[in-house]
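Have a look at the model first, then go through the points with it open.

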Amino acid sequence: MPSTSQCRVCGDQVTEFFDFGRQPLSDAFHTPGFDFEKEFFFRLAVGLCQGCTMVQLMEEVPRDNMFHEEYPYHSSGSAYMREHFEGLAKRLLATELTADDPFVVELGCNDGVMLKVMAESGVRHLGVEPSGGVADVAAAKGVRVRKSFFEESTAKEIAAEDGRADVIYAANTLCHIPYMESVLSGVRALLKPTGVFVFEDPYLGDIVERTSFDQIYDEHFFFFTARSVREMAARNGLELVDVERLPVHGGEVRYTLAPAGERTPSQAVADLLRDEAESGLAEPATLQEFGRKVTVIRDDLTGLLRRLKDEGKKVVAYGATAKSATVTNLCGITPDLVSFVCDTTPAKQGRVTPGTHIPVVTPDTFAADYPDYALLFAWNHADEIMAKEQAFRDAGGKWILYVPDVRIV
Ligand code: SAH
Ligand code: TYD
Ligand code: ZN
């Protein structure tokens with residue numbers, strides 16, 4: 001019998017379709033001296049709700065274990081993502097924030113990559129960010145930040161202190177929050193009737209199409225579709241009024257919600273709903289097939305790395321992503337197969353990868369003695385990374401990719 005749980009959106013039954021087994025916290029990069037007997041693990045498994053079709057994790061990790069003072073992910077680490085968020089900020093300024101004294105709130109503002117533009121434009125704004133370290137980086141850029149988790153009580157306090165918002169925005173954050181009812185009640189309490197809640201997260205359609213299974217890890221609790229988001233919104237007095245597909249992070253959708261009845265849904269909403277129905281996206285058979293492909297990638301990647309090791313090749317990895325925790329722990333990729341992973345994030349360097357304890361080093365170490373192969377964990381930044389590491393390829397180096405299948409390029 002497959003395991004079941006209760007849907008965090010509608011309360012109906014969630015049936016598991018893939019089990020990744022014992023997994024660590026994907027952003028817990030411990031120092032080599034850490035007492036690894038104390039390393040946190042949980043069972044990472046994913047299921048489909050038979051009621052609202054929301055795909056979600058079977059087990060929830062307590063939020064304080066993931067988002068705290070030392071949360072290491074810094075959004076500004078990619079030039080491409082900086083441009084992406086600056087572009088979005090400018091668009092919001094030109095469209096939704098044109099009234100007198102507009103007010104924008106961002107959930108999970110991280111290091112202020114988006115709100116910096118609002119601060120520089122003199123627009124009233126607030127970032128809500130529970131991870132203290134990155135919140136301090138945002139504050140140093142002139143961004144006004146409140147160090148807390150966004151939920152209903154936080155939203156009501158903000159509305160009382162600052163008034164209601166024209167825009168509430170969240171990138172790669174809403175899917176991190178299992179307590180959805182509290183968040184959406186909060187959004188309703190904080191948003192003006194004329195306002196919008198805009199959020200963007202990895203899209204289940206892209207995850208299934210590319211078998212990008214490494215989008216599934218502790219922090220990503222929900223995997224949205226237009227259909228599941230529409231149902232989730234409707235249960236909370238909101239309406240899905242627009243969707244936009246985005247190329248970032250391997251494929252995302254930006255959803256716009258408005259208080260029910262306030263705006264007319266765009267044609268794009270109807271189109272995406274139709275595509276999802278036609279492809280059978282959130283159907284058990286589609287998700288079972290996804291799971292089968294994951295096991296093929298797992299076996300191919302482990303087979304390739306073992307073969308390269310036997311041939312005496314030097315193999316390292318590039319980008320200590322949160323996503324890679326799922327890959328390394330599912331495939332058993334430890335330092336005997338991949339000697340190190342390089343990453344630009346100071347908060348990860350000198351530490352080891354979660355669960356598999358591969359040392360994280362600076363990109364200088366990578367360049368000092370190019371390996372034969374580099375396993376690209378940050379595959380979603382492939383263009384940016386391959387361009388800046390052209391010298392690696394010039395020196396005869398090859399990249400290993402595993403999404404949508406295992407390939408050497
Ligand atoms: N928006 C950024 C950061 C995404 S990482 C980007 O797209 O790059 C997810 C962020 O959400 C983290 O900084 C985490 O601390 C924050 N977060 C987690 N739970 C939250 C909550 N309940 N309210 C607000 N932020 C939250
Ligand atoms: P990312 O894929 O954005 O997210 P997640 O951790 O949620 O999976 O993480 C990219 C990681 O790759 C981040 O640790 C920074 C690192 N990185 C580099 O080391 N060099 C680069 O050129 C880029 C773009 C990222
Ligand atoms: Zn449900």
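1. Start with the ligand shell: helix α13 (residues 382-388) supplies its largest share around ligand 2, three residues. Helices here are DSSP runs (H or I, at least four residues; strands are E, at least two), numbered from the N terminus.

2. A caveat before going on: this is a predicted model, where local features need pLDDT of at least 70 and side-chain atom pairs pLDDT 80 or more, while totals for chains, interfaces and linings use all residues. Residues count from 1 along each chain as its sequence is written, chains are lettered from A and ligands numbered from 1 in the order written, and side-chain values use heavy atoms, without hydrogens and water.

3. In total, 19 residues surround ligand 2, and the closest are Ala322, Lys323, Asp343, Lys348 and Lys388. To be near, a residue needs a heavy atom within 4 Å.

4. Which side chains reach oxygen atoms of ligand 2? Lys323 has a side-chain N or O atom 2.7 Å from one, Lys348 has a polar side-chain atom 2.8 Å from one, and for Asn380 the distance from a side-chain N or O atom is 2.9 Å. Protein covers 94% of the 560 Å² of accessible area that ligand 2 has on its own (Shrake-Rupley method, 1.4 Å probe).

5. Elsewhere, α10 (residues 284-310) packs against α11 (residues 323-331) at about 70 degrees, axes 10 Å apart. Axes are lines fitted to C-alpha atoms over the stretch in contact, with angles from 0 to 180 degrees between N-to-C directions. So α10 is roughly perpendicular to α11 (65 to 115 degrees).

Terms used
Angles under 35 degrees count as roughly parallel, over 145 as roughly antiparallel, 65 to 115 as roughly perpendicular and the rest as oblique. A polar contact is a pair of N or O atoms within 3.5 Å; within protein, one must be able to donate a hydrogen and the other to accept it, and residues adjacent in sequence count only if both atoms are side-chain atoms.
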